[in-house]
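Welcome, and please open the model in your viewer. We will go from stop to stop, with something to select at each one.

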Amino acid sequence: MTNKRRDFLKFAGLAGIGIAGSSLDSFATGPSSPVDAMLPQQNREYEHSRIQHFNMSGYAAPKIENVRIGIIGLGQRGPSHMKTMSAIEGVEIKALCDLRTERAVEIKKRLENTDHNPDLYSGSEDEWKKLCQRKDIDLVIVTTPWYLHAKMAIYAMEQGKHVASEVPAAGTIEECWKLVETAERTRKHCMMLENYSYMPFQLLMLNMAREGFFGEMVHGDCAYNTSKMKNNFNKNMYWNMWWLRQYASRKGNIYPTHGLGPIAQMMDINRGDRFDFLVSVESKDFAMAAKAKELAKTDNYFDEFAGKDYRGNMSTTVIKTKQGRTIVLQHDATTPSPHNMIHGLYGTKGAALYDPQPPRISAGKHEWVSAKEYEKIERKYTPEIFHRMGELAKRSGHGGSDLMIDWHLIDCLHNGLPLDQDVYDAAAWSSVVPLTDWSVRNDSNSIKVPDFTAGAWKTNKRNMDINLERGGTTKVIS
Ligand SMILES: NC(=O)c1ccc[n+]([C@@H]2O[C@H](COP(=O)([O-])OP(=O)(O)OC[C@H]3O[C@@H](n4cnc5c(N)ncnc54)[C@H](O)[C@@H]3O)[C@@H](O)[C@H]2O)c1
């Protein structure tokens, strides 16, 4: 029996018995985990035998008065969440974990003179499990490199914890399914922390889409286009050069959710519509291998990165939805173009475009509205969450979205409300990573996006409460 065939049967068998009996051995999402050529067959097999155990869409867990938090991964993103979370009322940071002891100690120091005195876990690759096993933690925030997110999130849910995972939440389709099945079985939240949904323009657009300004949504253009050439080749930026290793081992869009998430919400993906299939095409790599080779000439640290087959520089994906909408999603981390999210929305009655700046809106007359008219529209459609939190949030990163997302997550947990993004969003948005990898490796053939909701998308209700119809009672204390 070939290895591929054996893997397929293992996958199909897993589908039959459900996730409960499966081990974590099948997590192989480290830097070199090529997508299986049989992915389309695996997807079909899995989907046919899929039963939704419990619908996590709209799910509200019991209220938690004081949310006790553990954070795994203290590079850049972990401390950022630590800072915002420590400023929110009714939060206690109980534990911090990082592989590197000196980093964990350094980050804990930032909490001196606050009410938080977390225990530290560090020094070995599995210390994070001890953090998850604690009985006095309600929410685990996962901020390690993304190929580690799913296994940590699944283990945390198994230990009875809600999970908030940095983006993307998974790197393989199997991981996406395991996230969904574990959340449904344990009834624990698994929210991906897609903060770009809380940027001022994205919030405004979501409200306008919901209020019908655009009519029927027809098409969305979105991207995460921002040069990471300096960061990815900087020896002191990311732990173990993990981003560079991802570019050196994968194809397709390896960072889709900042662009895709907000557009998916405007199109009610998983709530009335869903991703149907996608195709992905990418340029060749004109820059990364050359840079690695150049650096290796004078610094043998870069020897291992020279001669690698890097992901192409410009990744473009087209997604078709079940209701007939289209999305074009790009990822460019290499060219010297300025930061560009695109964020173009095209409906039957209106359109909008964020990047290149300035942002523009069309009210349906084949022209962009004047600056005065733009302001009027902005005043009319800015959602309540922005009125309430916008000024305060400005102090946090990513256009204020860093505080806004953490604050609303905690507020929903305090008030026992559904979260803004659920496990089906985490799975569908993250599934673009392995699906685009497969498409690129297969002459840009189309591939179906699994229905992680098992049909529930037809009746699921909207869930991001941007007008704070409920809750909104949590205070920011510093
Ligand atoms: N939402 C956003 O705006 C945003 C911005 C940046 C990064 N991110 C995401 O956040 C995540 C973290 O990115 P980063 O820039 O902080 O990376 P980083 O390299 O700075 O930090 C990763 C940390 O994880 C630790 N780590 C690695 N293996 C571990 C293990 N087994 N146990 C415990 N700790 C371990 C490393 O020591 C390191 O401190 C990534 O998945 C990235 O995609 C999101």
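**Before you click**

This is a predicted model, in which local features need pLDDT of at least 70 and side-chain atom pairs count only at pLDDT 80 or more, while totals for chains, interfaces and linings use all residues. Residues are numbered from 1 along each chain as its sequence is written.

**Stop 1: the whole protein**

Show everything as a cartoon. The protein has 17 helices and 14 strands; these are DSSP runs numbered from the N terminus, with helices being H or I of at least four residues and strands E of at least two. Its radius of gyration is 22 Å, close to the 23 Å that the globule rule gives for 478 residues, so the protein is as compact as a globular protein of that length. Here the radius is taken over C-alpha atoms, and the rule is 2.2 Å times the number of residues to the power 0.38. Along the principal axes, the C-alpha atoms fill a box of roughly 60 × 55 × 55 Å.

Of the 478 residues, 49% are buried. A residue is buried if 20 or more other C-beta atoms lie within 10 Å of its own, exposed if 12 or fewer, and partly exposed in between, with C-beta atoms placed from the backbone.

**Stop 2: the ligand**

Which residues are closest to the ligand? Select Gly75, Arg77, Trp146, Glu166 and Trp239, the closest among the 26 residues that surround the ligand. To be counted, a residue needs its C-beta atom, placed from the backbone, within 6 Å of the molecule. The shell has 13 nonpolar, 7 polar and 6 charged residues. Ala, Val, Leu, Ile, Met, Phe, Trp, Tyr, Cys and Pro count as nonpolar, Asp, Glu, Lys and Arg as charged, and the others, Gly among them, as polar.

**Stop 3: Ile71**

Now select Ile71, in strand 1 (residues 67–72). Is Ile71 buried or exposed? Ile71 counts as buried because it has 28 C-beta neighbours inside 10 Å. Leaving out residues up to four places away in sequence, Ile71 touches Gly78, His81, Met82, Leu96, Cys97, Ile141 and Thr143; a contact needs C-beta atoms, placed from the backbone, within 7 Å.

**Stop 4: helix 7**

Select residues 173–186, which form helix 7. Its end C-alpha atoms are 20 Å apart, in agreement with the 20 Å that its 14 residues should span at 1.5 Å a residue. The expected span is 1.5 Å times one less than the number of residues. Because 13 of the 14 residues are buried, helix 7 is largely enclosed by the rest of the structure.

**Stop 5: backbone exceptions**

Most residues other than glycine have a negative phi, and most peptide bonds are trans. Just after helix 7, Arg187 has a positive phi of about 55 degrees. Asp268, in the loop between helix 11 (257–266) and strand 8 (275–282), also has a positive phi of about 55 degrees. Asp268 is buried, with 20 C-beta neighbours inside 10 Å. Then select His366, with phi near 60 degrees; this residue is exposed, with 6 other C-beta atoms within 10 Å.

Finish in the loop between strand 12 (351–353) and strand 13 (360–362), where Pro356 lies. The peptide bond from Asp355 to Pro356 is cis, with omega near -5 degrees. Pro358 is in the loop between strand 12 and strand 13 too, and the bond from Gln357 to Pro358 is cis, with omega near 5 degrees.

Methods: Contact = placed C-beta atoms within 7 Å.
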